[in-house]
Amino acid sequence: MNTRALTLGLFASGLMLSAHAADKPSPVPLAPQVDLQKFSGDWYVIGIIPNFIEKKAYNSVETYKLDEDGTIATTFRYRKGGFDGPLKTMTPRGFVEPGTNNALWGMRVFWPFKGEYRIAHVEPDYSTTIIGRSALDYVWLMSRTPQMSDAAFEKYRTQIGSWGYDVTQFVRVPQQWPEATPRP
């Protein structure tokens, strides 16, 4: 079998698995309503079950901006390996799924693929949010401030665990912002 046929076969299999998974209800809820204007802005990544990009990430910040076409311009910035590590930046784009009250997005990091992005929880004052995936593979706890108390972190960690995530994989993201350091 040639490489192209194998790649197409794997791609088609992945699409079928994704379609089948979409038929199953997710243990990860959707927030009842997300106001995209209030959701826009900077979010400090406080805790994660990391993907391969986020391992050894420091000072992670995700920024959202609602564009005129209804998509979400996203900028993800972090320092690799330490607070003084090289600055890394990614610019995925979010696509809000119709009929989800703005709580379910397709997040395109690499064209043409979109990953599931579930806004599972957002505090009424938009101070904290939890983003998850039905696959229970990745999760992000984010806050408008770079620090969170241990009690609050544990409360959200428990909530994440109640959805079926393996919270032994859930870790804090190191955040250190000296007063003289401009935030993104």
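**Strand S9 and its surroundings**

Modeller: Strand S8 (residues 128-132) and S9 run antiparallel, joined by five bridges. This is a predicted model, so a word on confidence comes with the tour. Gly132 has Val139 of S9 as its bridge partner. The link between the two strands is a hairpin, with six residues between S8 and S9. Look at Leu136 in that turn: its phi is positive, about 55 degrees.

Now take the other pairing. Strand S1 (residues 41-49) also pairs with S9 in the antiparallel sense, again over five bridges. Here Ile49 stands opposite Val139.

Next, the faces. In a regular strand, side chains alternate between the two faces of the sheet. In S9, Val139, Leu141 and Ser143 point one way. Trp140 and Met142 point the other way. Residues on both sides are buried. What does that say about the strand as a whole? Five of the five residues of S9 (residues 139-143) are buried, so the strand is largely enclosed by the rest of the structure.

Two further buried side chains deserve a look. One is Arg77, placed in strand S3 (residues 72-80). Arg77 is buried yet has no salt bridge. Which side chain of opposite charge is nearest to Arg77? That is Asp42, 4.1 Å away. Arg77 does have a polar contact through its side chain, to the side chain of Thr63 at 3.2 Å.

The other is Trp177, in the segment after strand S10 (171-172). Its relative accessible area is 13%, so Trp177 counts as buried. Its side chain makes a polar contact with the side chain of Gln175, at 2.7 Å. Trp177 and Gln147 are 30 residues apart along the chain, and their C-alpha atoms are separated by 9.4 Å.

Last, confidence. The chain has a mean pLDDT of 86. Of its residues, 83% reach 70 or more. Where does pLDDT stay under 50? That stretch is residues 1-21. For those residues the model has two contacts beyond four places in sequence.

Methods:
Residues are numbered from 1 along each chain as its sequence is written. This is a predicted model: local features need pLDDT of at least 70, side-chain atom pairs count only at pLDDT 80 or more; totals for chains, interfaces and linings use all residues. Side-chain values use heavy atoms; hydrogens and water are left out. Helices (H or I, at least four residues) and strands (E, at least two) are DSSP runs, numbered from the N terminus. Buried means under 20% relative accessible area, exposed over 50%, partly exposed in between (1.4 Å probe, protein chains only). Lys and Arg count as positive and Asp and Glu as negative; His and the chain ends are not counted. A salt bridge is a side-chain nitrogen of Lys or Arg within 4 Å of a carboxyl oxygen of Asp or Glu. A polar contact is a pair of N or O atoms within 3.5 Å; within protein, one must be able to donate a hydrogen and the other to accept it, and residues adjacent in sequence count only if both atoms are side-chain atoms. pLDDT is the predictor's confidence in each residue, from 0 to 100. Contact means heavy atoms within 4.5 Å. Two strands pair if DSSP finds at least two bridges between them.
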